[in-house]
Amino acid sequence: MTTDRPIYLDYNATTPVDARVVEAMLPYLRSDFGNPSSSHAFGQGPRQAVATAREQVAALIGAAPDEVVFTGSGSEADHLAIRGVVRAARRQGRDGLHVITQATEHPAVLDACAVLAEDGVRVTILPVDGDGLVSPADLEGALTPETVLVTVMHANNETGTLQPIRELAEIARAGGALFHTDAAQSLGKVAVDVDDLGVDLMTIVGHKLYAPKGVGALRVRRGVALAPLVGGGGQEHGLRAGTENVPYAVGLGLACQLAAEEGVAHAERIEALRDLLHRRLEELLPERVVLNGHPSVRLPNTLNVSIVGTRGDRLLAAAPGVAASTGSACHEDSIDPSPVLTAMGIDAIRANAAVRLSLGRTTTETDVETAARDLAGAGGGA
């Protein structure tokens, strides 16, 4: 290594905040500090800033601004979508409710479903195939007249596998159910349009988009009945009480605008670097690199591979010049096999040998070459 800091290949865990985003946020931490709900002059600038941010977020996903609800995180947005739909259905007098999800979801989605199950809601967890994909036929077979919601993530955070959301959403809609997708990982990396996908609810996360941690959003299609989880002052169309976090909303808004303007160009370059990294690892560790996840229907920045004869955590410990993950950051303290890889039918030895290498805007070809050599060296290769 020629620098004191390791090469960062963990962009799926979090991204650095874009310098332009930081600059846009600063006035609302300093001079324009007013409460957006205030009627006097100090509230006017922040109120307009939040409105602009809402427009920017909406534009990235092809939604209307009044469909965007700011939240404190992606996890909160997931819970608001999933539990909010069920609460609204109960308020309408429906009972015997049913929710469908799938086995490789983000823990926030699985936790929200577990909360519902404890409260008497029937939850179906669909299996995935060896590439991590949900079968549309399985979804169709699981739907019942009591199904109120189907929630399937757009892209998996560990493998990058992209689910067939458009087809799944169409099946859910034909069955009379709403459809929610957590698009935290896919936004800014692949084209995402809510109307094209046919989804009713979509989760957006700031810190996967070069915005700060601690801000997210939920797109709620007009006409969808949703009950808030946090009541109070009526902010965010009455769906999420609490004084708006103006600087963070501004940061998320600009990050979404930058993703809309620059995302495709970044994605093409990053995909080429991802494939270079894969090739170099295969050259340095012949017949020992096994890809996890779909070989083509995946995010352009994500490479999840098992290095045969190693264990992922020990490999990364022996390659301190590379900052990467053995799987989801949410399970980093666990030595158990990744639940995502396990659900895909991957055995414990291969799953424990997995490393997730996720690239980003600042990744260079030199980074990729150096990281490949470091990882191969740690794995006993050339």
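Biologist: How many disulfides does the structure hold?

Modeller: This is a predicted model, in which local features need pLDDT of at least 70 and side-chain atom pairs count only at pLDDT 80 or more, while totals for chains, interfaces and linings use all residues. Residues are numbered from 1 along each chain as its sequence is written, and side-chain values use heavy atoms, leaving out hydrogens and water. A disulfide is a pair of cysteine sulfur atoms within 2.5 Å. The number of disulfides in the structure is zero.

Biologist: Is C256 buried or exposed?

Modeller: Buried means under 20% relative accessible area, exposed over 50%, and partly exposed in between, with a 1.4 Å probe and protein chains only. The relative accessibility of C256 is 0%, so C256 counts as buried.

Biologist: Which residues does H278 touch, not counting residues up to four places away in sequence?

Modeller: H278 is in helix α8, residues 246-284; helices (H or I, at least four residues) and strands (E, at least two) are DSSP runs numbered from the N terminus. H278 is buried because its relative accessibility is 13%. With contact meaning heavy atoms within 4.5 Å, the residues touched are V289, L291, L303 and V305.

Biologist: How far apart in space are E261 and G188, C-alpha to C-alpha?

Modeller: E261 also lies in helix α8. Its relative accessible area is 55%, so E261 is exposed. E261 and G188 are 73 residues apart in sequence, and their C-alpha to C-alpha separation is 9.4 Å.

Biologist: Which residues are buried in α12?

Modeller: Helix α12 covers residues 365-378. What covers its buried residues includes α8 and β12 (354-358). Those buried residues are V368, E369, T370, A371, A372, L375 and A376.

Notes:
Expected span 1.5 Å × (residues − 1).
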